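Subject: Structure for you to look at

Hello,

Here is the structure we talked about. Please open it beside this message and follow along.

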Amino acid sequence: MSKKQQPNASGERKQRSQFAEAWHRMKKDKGAMLGLTIVCILLLVAIGSNFLLDYDTDVIGMNTKERLQAPNAKHLLGTDEYGRDILFRIMYGARYSMSVGLVAVAIALTIGVTLGAVAGYKGGIVEEVIMRITDIFSSVPNMLMALVVVSALGQSMLNLMIAIGVTSVPQFVRITRATVLTVRNQEYVESARAIGLSTPKIILNHILPNSLSPIIVQTTLRVASAIISASSLSFLGLGIPAPNPEWGSMLSAGRKFIRDYPYMTLYPGLAIMITVLSLNLLGDGLRDALDPKLKD
């Protein structure tokens, strides 16, 4: 019985899906697991702050009697020039940074993957048109393009998401096209064509599922870039309008007091740094785990 059971056990191990194998490898990467843990904590803070904090009182409510207090037992990270608790504002600000990062990348992912898949699969004049338009957008610096979009649409959270999403589209177009080019001539794709499946069905059911690994990694890394872009635009006064506690706008407000009250810029800056670092660690771990050349 024992001899018969051993092949079954090894067979079950070999039958694990690609993502189960990737998770198995990623669990061995301490940096990736640290990044994943921090990202999960940030998401919990972003979701829980809406229930734990009263927005009008705890987040934007002014209390001039307690203004510009250094970190103490009552206000662990101190207070700003209006007496607002910096810890509460950073916690609530996680909602804005994570929301902008995720939604902006979702916009870029939807547009970029669609165009990249069509360009890579169809080829010819369709590919040329899509890639030349992508080259035009890539030639404009991301921050400059985001500034133009926000200035044209107006200052709001939705417009900020759209602006950052539009600037991220070329990266997804390029990486999706490159991945599709490597799989479009595989036997299973040829078989799908032979039985008469339509182009959308071939792309959705056969090509994209086998092209997900680099797209997932790119998505994780672009969320980090989107958070930096959102903070930069808010720092310049073109992001989420005050008094919303976006981390970039908190940095901008605190720079006037940086000489005497450095904690006002230190803690929002640390929040941005830790968030971006954790996402980059997670992205690097996913890249290594999803690499088919790596083996246990």
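**What was found**

Arg 174 is partly exposed, at 35% relative accessibility. Here buried means under 20% relative accessible area, exposed means over 50%, and partly exposed is in between (1.4 Å probe, protein chains only). Before going on, note that this is a predicted model, where local features need pLDDT of at least 70 and side-chain atom pairs count only at pLDDT 80 or more, while totals for chains, interfaces and linings use all residues. Residues are numbered from 1 along each chain as its sequence is written, and side-chain values use heavy atoms, with hydrogens and water left out.

**Salt bridges**

The whole structure holds eight salt bridges, a salt bridge being a side-chain nitrogen of Lys or Arg within 4 Å of a carboxyl oxygen of Asp or Glu. One of them joins the side chains of Arg 174 and Asp 135, at 2.4 Å from N to O. Arg 174 lies in helix α8 (residues 157-183) and Asp 135 in helix α6 (residues 124-138), so this pair ties together parts that are 39 residues apart in sequence. Helices are DSSP runs (H or I, at least four residues), numbered from the N terminus. Asp 135 is partly exposed, with a relative accessible area of 28%. Both residues belong to a network of salt bridges that also includes Glu 128 and Arg 132.

Asp 284 and Arg 287 form another salt bridge, at 3.3 Å from N to O. These two are three residues apart in helix α13 (residues 263-289), so about one helical turn separates them. Asp 284 is partly exposed at 31%, and Arg 287 is partly exposed at 45%.

Is the pair Arg 84 and Asp 80 buried or exposed? Arg 84 is buried, with a relative accessible area of 8%, and Asp 80 is buried as well, at 5%. Their side chains meet in a salt bridge of 2.8 Å, N to O.

**A patch that includes Phe 137**

Ile 125, Val 126, Val 129, Ile 133, Ile 136 and Phe 137 make up a nonpolar patch on the surface, with about 540 Å² of accessible area together. Patches are made of residues with over 30% relative accessible area and no salt bridge; like charges are joined within 9 Å, and nonpolar side chains (Val, Leu, Ile, Met, Phe, Trp, Tyr) within 5 Å. Accessible areas come from the Shrake-Rupley method with a 1.4 Å probe, and for residues only the protein chains shown count as cover. Phe 137 is placed in helix α6 and is partly exposed, at 37%.

**Helix α7**

Helix α7 (residues 142-153) has twelve residues. From its first C-alpha to its last it reaches 16 Å, close to the 16 Å expected at 1.5 Å a residue; the expected span is 1.5 Å times one less than the number of residues. Its buried residues are Met 145, Ala 146, Val 149 and Val 150. They cover an arc of only 130° around the axis, so they are on the same side of α7; the arc is that of the directions from the helix axis to the C-beta atoms. On the other side, Val 148, Ser 151 and Ala 152 are exposed. The buried residues of α7 pack against α6, α8 and α11 (212-235), where contact means heavy atoms within 4.5 Å. Gly 154 follows α7 and has a positive phi, near 110°.

**Leu 68**

Leu 68 has a phi near 55°, a positive value in a residue other than glycine. Leu 68 is in the loop between α4 (55-59) and α5 (86-122), and is buried at 14% relative accessibility.

Regards
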